[in-house]
Amino acid sequence: RSLRTNLPREVMAYMSFPFASDAEFVRDARRYPTHEEVQRYLEAYADAFHLNKHIRLDTEVVKITRSEKRVTNLGPAWDVLTNNGTMDT
């Protein structure tokens, strides 16, 4: 309930997406955010960059391999095998 991170907000946040400073998001102005603030930050980040469609909860990753057939403009692609037998690329 009272867990705080051991990293200050300035270190924990992505440079292009700093921790919000408004009272709605940050309930405590101390440098080390609570676990609730970190959760809200990560949810806001996922929303801002439309990442939720790529997130699957309650899914075990069984194996990850570098794709031999695909390369993206960001580098190599990866194939991800999950516990339900799904291969995501």
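This is a predicted model: local features need pLDDT of at least 70, side-chain atom pairs count only at pLDDT 80 or more; totals for chains, interfaces and linings use all residues.
I started with the largest pocket, which comes out at a volume of about 300 Å³. Closest to the pocket's centre, out of the twelve residues that line it, I found His54, Ile55, Arg56, Val80 and Asp88. Then I checked which elements give two or more residues to the lining: strand 1 (61-72) and strand 2 (75-82). Strand 2 has the largest share, three residues. Sorted by class, the lining has five nonpolar, four polar and three charged residues.

Next I went to helix 2. Helix 2 covers residues 35-48, 14 residues in total. I get 20 Å from its first C-alpha to its last, close to the 20 Å expected at 1.5 Å a residue.

Which residues of helix 2 are buried? My list is Glu37, Val38, Tyr41, Tyr45 and Ala46. I looked for what these buried residues pack against, and the partner is helix 1 (9-12).

His50 follows helix 2, and its phi is positive, near 55°.

Last stop, Leu42, which also sits in helix 2. Buried, exposed or partly exposed? Leu42 has a relative accessible area of 46%, so I put it down as partly exposed, given that buried needs under 20% and exposed over 50%. I then took the C-alpha to C-alpha distance from Leu42 to Phe19: 9.6 Å in space, with the two residues 23 apart in sequence.

Key. Residues are numbered from 1 along each chain as its sequence is written. Side-chain values use heavy atoms; hydrogens and water are left out. Helices (H or I, at least four residues) and strands (E, at least two) are DSSP runs, numbered from the N terminus. The expected span of a helix is 1.5 Å times one less than its number of residues. Buried means under 20% relative accessible area, exposed over 50%, partly exposed in between (1.4 Å probe, protein chains only). Contact means heavy atoms within 4.5 Å. On a 1 Å grid over the protein atoms alone, a cavity is a set of points where a 1.4 Å probe fits but cannot get out, and a pocket is an open set with protein on both sides within 12 Å along at least five of seven lines; lining residues have an atom within 4 Å of a point. Grid points are joined across faces, edges and corners, and a volume is the space filled by probe spheres set on the points. Ala, Val, Leu, Ile, Met, Phe, Trp, Tyr, Cys and Pro count as nonpolar, Asp, Glu, Lys and Arg as charged, and the others, Gly among them, as polar.
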